[in-house]
Amino acid sequence: MSATVYEKTNGVLRVYPEGRLDTATSPALERELHQHLEGVTDIVMDFAKVEYISSGGLRVLLALEQLMEERGGGLSLTHVNENIIEIFELVGFMEVVKVERDSERE
Amino acid sequence: MQEMTVSATMDQIGPVTEFVNTQLAQLACPERIRIQVDVAVDELFGNIVRYAYGSGTGPATVRVDVEDEPLRVIISFVDNGVPYDPLSAEFADTTHLPAKERPIGGLGLYMVKKTMDDISYCYRDGQNILTIRKSI
């Protein structure tokens, strides 16, 4: 996974990760993210440049969703490709996190 | 048959994935299947890194075989660590539970079981051998 860009406005953190959210890269993403969470109630993660996600990445998303829920907000994902949607559907993630498919352009 | 032996450490997940992808590219593997295999490699190699050698480390071998008619790729993950059959662990399907109530473990193996054609384990000559098969 390469450098991730963060933008924070009015309690909403926008995150733009790139590459793979796997066992090797997810712990670093989680550590990095936690440095930006002060005052954040909602996280929007843009998946346009995410190639795939394994259980390591799913755990990070699950923990973020729980944390944002406690703060009265939530986690949403945008521009998610079909291969990742398939993984989400397999593990029941579509019911847990707000997901916008890659085809649904803003 | 092609194989790659590395030390069972997190930083080897990238090189092992590239090795497997090189084999898949030669078979004109569609991207969707390549990604499912990559996720399986991540989960299974990751398990060796975390559990096979306790707090130490040791070697891990990834072996890629190809079968014809139908075209299938067979990938084995071999380690010399403590004997452990990950398939013996009872897996409860918790995917219907709300996020808060989900246990964290078991998700990776569940994904591998769902996406691969089959997965098998054997312990032979002091080695754990976990094998997945996937039609291309």
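Chain A contains 3 helices and 6 strands (DSSP runs, numbered from the N terminus: H or I of at least four residues for helices, E of at least two for strands). From the N terminus on, these elements follow the order β-β-α-β-β-α-β-α-β. The model is predicted: local features need pLDDT of at least 70, side-chain atom pairs count only at pLDDT 80 or more, and totals for chains, interfaces and linings use all residues. Residues are numbered from 1 along each chain as its sequence is written, while chains are lettered from A and ligands numbered from 1 in the order in which they are written.

**Overall form**
- The C-alpha atoms of chain A fill a box of roughly 35 × 25 × 25 Å along the principal axes.

**Helix α1**
- In α1 of chain A (residues 26-34), the buried residues are Ser26(A), Leu29(A) and Leu33(A).
- These residues lie on the same side of α1(A) because they cover an arc of only 60° around the axis (the arc of the directions from the helix axis to the C-beta atoms).
- Ala28(A), Arg31(A) and His34(A) are exposed on the other side of α1(A).

**Contact with chain B**
- 18 residues of chain A are in contact with 23 residues of chain B (C-beta atoms, placed from the backbone, within 7 Å).
- α2(A) provides the largest share of the side of chain A that touches chain B, 7 residues.

Methods: A residue is buried if 20 or more other C-beta atoms lie within 10 Å of its own, exposed if 12 or fewer, and partly exposed in between; C-beta atoms are placed from the backbone. Two residues are in contact if their C-beta atoms, placed from the backbone, lie within 7 Å.
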